[in-house]
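Hi,

Here is the structure I promised to pass on.

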Amino acid sequence: MRESLEKHDGFAHNRARWDWASTADYAYLISGASTLEQSDRSGWIDACRVADSCPGYRDATILEWGSGSGRVTQYLCRMFRRTHAVDIAGGMLSLIAERRLPDLTLHQTDGAGLAPGIVVDVVYSYLCWMHNRKEDLPAILRTCRSILKPTGKLLFQLPVYDEPREPQAFSDVACWTPREFLDLADETGFSVARMTASAGAFAMDAVGANHFELHEWRPRSDSPPRPNGDACGTGTSP
Ligand SMILES: C[S@@+](CC[C@H](N)C(=O)[O-])C[C@H]1O[C@@H](n2cnc3c(N)ncnc32)[C@H](O)[C@@H]1O
């Protein structure tokens with residue numbers, strides 16, 4: 001996989017590369033862990049951070065966007081009443097299916113769309129959207145807005161730094177400035193309840209203090225959700 005020579009050209013690029021990753025050393029490619037066991041253990045900490053931000057999570061429904069092999073999903077589906085796991089790569093969804101998890105529905109997205117009929121209390125996304133081109137984020141976020149209950153919340157990781165950045169390949173990182181981040185919330189129908197920004201510019205060998213923290217957005221009542229699929233395309237449930 002000579003990704004350094006290839007330009008990131010959007011969702012098709014992500015699907016092909018993450019499908020390939022699902023057949024390679026996916027624990028390392030997903031979380032940097034050296035073993036699957038270590039990767040799975042790290043998912044417990046991430047799931048607890050989600051639950052900490054969701055009082056009443058036992059009765060709540062959650063959708064995880066970009067669930068990968070189920071590192072975090074395996075715990076979410078035992079904490080929340082019902083869990084939806086969405087990924088662009090069929091190979092990743094096959095890995096989750098092999099885990100035979102309870103109260104879980106799998107969905108494959110074309111990158112920004114979902115099949116109609118999903119309504120949830122929480123949308124969660126971790127280590128996913130930063131691997132997409134920045135121009136592709138509004139469509140994804142509008143879909144998230146359309147499936148959230150009015151009282152719901154969006155909890156997600158996205159790198160916010162003083163310097164903007166575009167990803168060059170599927171495992172590279174996009175960065176938003178605080179201004180870009182606030183504008184993104186505004187244009188997609190959210191208000192920002194928590195923004196976790198890092199100072200300076202992103203560098204692979206000097207990741208910012210808040211790089212892995214969760215932002216929290218709420219649906220804005222003055223901005224009605226756009227119909228699901230307004231975001232370029234649909235998803236399917238395998
Ligand atoms: C680095 S992995 C993270 C997986 C998981 N969130 C975790 O923390 O273990 C990124 C995942 O996001 C998925 N992905 C990338 N772009 C996506 C998109 N636009 N929609 C859905 N999934 C996407 C990839 O297929 C991959 O499974």
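**Leucine 127 and the rest**

Leucine 127 is partly exposed, with 19 other C-beta atoms within 10 Å. For that label, a residue is buried if 20 or more other C-beta atoms lie within 10 Å of its own, exposed if 12 or fewer, and partly exposed in between, with C-beta atoms placed from the backbone. Leucine 127 sits in the loop between S4 and H6, and its phi is near 55°, a positive value in a residue other than glycine.

Two quick notes on provenance. This is a predicted model: local features need pLDDT of at least 70 and side-chain atom pairs count only at pLDDT 80 or more, while totals for chains, interfaces and linings use all residues. Residues are numbered from 1 along each chain as its sequence is written. Helices (H or I, at least four residues) and strands (E, at least two) are DSSP runs, numbered from the N terminus.

Arginine 100 also has a positive phi, of about 50°, although it is not a glycine. You'll find arginine 100 in the loop between H5 and strand S3 (104–109), and it is exposed, with 7 other C-beta atoms within 10 Å.

Now the ligand. Of the 24 residues around it, Trp18, Gly66, Gly68, Arg71 and Ala89 come nearest; a residue counts as near if its C-beta atom, placed from the backbone, lies within 6 Å. Helix H1 (11–22), helix H2 (26–31) and strand S2 (82–87) are the elements that give two or more residues to this shell, and H1 gives the most, with three. By class, the shell has 13 nonpolar, nine polar and two charged residues. Here Ala, Val, Leu, Ile, Met, Phe, Trp, Tyr, Cys and Pro count as nonpolar, Asp, Glu, Lys and Arg as charged, and the others, Gly among them, as polar.

H1 also packs against helix H5 (residues 90–99), at an angle of about 35° and with the axes 7 Å apart. Axes are lines fitted to C-alpha atoms, for helices over the stretch in contact, and angles run from 0 to 180 degrees between N-to-C directions. On the H1 side the contact (C-beta atoms, placed from the backbone, within 7 Å) uses Trp18, Asp19 and Ser22, and on the H5 side Gly90, Gly91, Met92 and Leu95.

Lastly, the strands (a pair needs at least two DSSP bridges). Strand S4 (residues 120–125) runs parallel to strand S5 (residues 148–156), joined by five bridges, with valine 122 opposite lysine 153 in S5. S5 is antiparallel to strand S7 (residues 215–219), with three bridges.

Cheers

Key: Two residues are in contact if their C-beta atoms, placed from the backbone, lie within 7 Å.
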